[in-house]
There are 2 protein chains.
Amino acid sequence: MELFSYFRSTAAYRVRIALNLKKIDYRLTSVNLLKNEQKSDEYHAINPMGLIPALRLDDGTVLTQSTAILEWLEETFTDNPLLPADPLQRARIRAITNSIACDIHPLNNLRVLRYLTGELGLSEDTKQTWYNHWIQLGFDALEKQMVPGGYAAGDSISMADVYLVPQVFNAFRFDMAMDAYPKIMAVYRRCNEHAAFIKAHPDNQEDKPVA
Amino acid sequence: MELFSYFRSTAAYRVRIALNLKKIDYRLTSVNLLKNEQKSDEYHAINPMGLIPALRLDDGTVLTQSTAILEWLEETFTDNPLLPADPLQRARIRAITNSIACDIHPLNNLRVLRYLTGELGLSEDTKQTWYNHWIQLGFDALEKQMVPGGYAAGDSISMADVYLVPQVFNAFRFDMAMDAYPKIMAVYRRCNEHAAFIKAHPDNQEDKPVA
């Protein structure tokens, strides 16, 4: 299968981690968000939302939206599960993943930050205030939910880590102080020792520009 | 079970529709967002994110995040399914639900609109420009995906309708012109003839203030 990705897209990063954890072969096609390649006619033919990621299967079927892709991977590739069998445990993990995917990330992705400083004409300082406000609100609540000494949702890696790690990476990129989140940071460091997370890391992507 | 709801909360509206479609008994506890009741210590003890909805089960277990709640309902109450059995069809529906839950709704909910005019000091006109921008971007893409003559994802009601109808209601509330979206509007009208959608409608909630 083929993943349409960009090295530092938070949502594409999630899917790379899951593919690696499930040991699924895939090739990457880079869609450069800084060059607006996601708005090209060519990419819109693949994903009419013009968003990253999209996953094209070998028969040409295209899946879009990282959460939809991740749930499909979980349902289809049942080895190395990222959600447990118990429905209440699944709900607890999905509350974490969706708080990141719906309450934190959408307010801080590239298109929104660009709109604030572009169309709305706000300053870089105001953009940073906006960024910090929403990340703090979300991370404050997540920190309370982390189990000390484990991964984001307990003793083993789960879908919660797949969402948490890219969001923390994103926070560092925007110079967010993470001192207030020792439990989140412990999970982040622990995950980043794992080969699947290392391989998925933005710094290790072929489409990362040479500095 | 007990749903913590607010009559015009988009995310609570989704859960009300699904509970009604699945014919599950529940009682409503109103959390008044305009009075900031979601920020009270009492409500934070129930949902540390301070967001609506939350679902409290009879044994006291609390589920949060509308998508996590809806997936749990789907897994636990298998009568009247809102997702089909086929994984690719499920992925297609979840791409619609997540484009609404992640790409459209988070940018336009009450807390974000308040932040724009409050902390950032933007005008009501600018807020409206922001609102229209993100709704248009999302609805333009959704309109292309609607199947004429059916529901949001085909011939029968699915999870896609559970997300679409509250988002269209929200758009009307913010005076969005919907003329450009005839297929979305046809789905909206068709769903609103259904008893489960009528019962879930904000106008039919006990906690709607008397005008």
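## Sheets, helices and domains in a predicted model

In chain A, 4 strands form an open sheet whose order is β2-β1-β3-β4, and the pairing within this sheet is mixed. At its edges stand β2 (27–30) and β4 (62–64) of chain A, each of which pairs on one side only. On average, neighbouring strands of this sheet are turned by 25 degrees against each other, with direction ignored. The model described here is a predicted one, and every value in this report should be read with that in mind.

Within the sheet of chain A, strand β1 (residues 2–5) pairs with β2(A) in the parallel sense over 4 bridges. One residue pair shows where the two strands face each other, for S5(A) stands opposite S30(A) in β2(A).

Chain B also has an open sheet of 4 strands, which has the order β2-β1-β3-β4 and mixed pairing. The edge strands in chain B are β2 (27–30) and β4 (62–64), each pairing on one side only. Here strand β1 (residues 2–5) of chain B runs antiparallel to strand β3 (residues 54–56) of chain B, and 3 bridges join them. In this pair, L3(B) stands opposite L55(B) in β3(B). Helix α3 (residues 66–76) of chain B packs on the sheet, where it touches β3 and β4 of chain B, and its direction makes about 120 degrees with that of β4(B).

| Strands | Sense | Bridges | Opposite residues |
|---|---|---|---|
| β1(A) and β2(A) | parallel | 4 bridges | S5(A) and S30(A) |

Returning to chain A, helix α3 (residues 66–76) lies across β3 (54–56) and β4 of that chain, running at about 120 degrees to β4(A). The axes of α3(A) and helix α7 (residues 159–173) of chain A come within 12 Å and cross at roughly 150 degrees. Angles over 145 degrees count as roughly antiparallel, and α3(A) and α7(A) are therefore roughly antiparallel to each other. The crossing in which α3(A) passes α7(A) is right-handed. In this contact, T67(A), L70(A) and E74(A) in α3(A) meet M159(A), V162(A) and Y163(A) in α7(A). Sorted by class, the residues of the contact are 4 nonpolar, 1 polar and 1 charged.

At the level of domains, the assignment for chain A gives domain 1 (2–80) and domain 2 (87–196). The C-alpha centres of these two domains of chain A lie 20 Å apart, and their contact takes 17 residues from domain 1 and 20 residues from domain 2.

Terms used:
Residues are numbered from 1 along each chain as its sequence is written. Chains are lettered from A and ligands numbered from 1 in the order in which they are written. This is a predicted model: local features need pLDDT of at least 70, side-chain atom pairs count only at pLDDT 80 or more; totals for chains, interfaces and linings use all residues. Side-chain values use heavy atoms; hydrogens and water are left out. Two strands pair if DSSP finds at least two bridges between them. Axes are lines fitted to C-alpha atoms, for helices over the stretch in contact, and angles run from 0 to 180 degrees between N-to-C directions. Contact means heavy atoms within 4.5 Å. Angles under 35 degrees count as roughly parallel, over 145 as roughly antiparallel, 65 to 115 as roughly perpendicular and the rest as oblique. A crossing is left-handed if the near helix is turned anticlockwise from the far one by less than a right angle, and right-handed if clockwise. Ala, Val, Leu, Ile, Met, Phe, Trp, Tyr, Cys and Pro count as nonpolar, Asp, Glu, Lys and Arg as charged, and the others, Gly among them, as polar. Domain bounds come from an automatic or database domain assignment.
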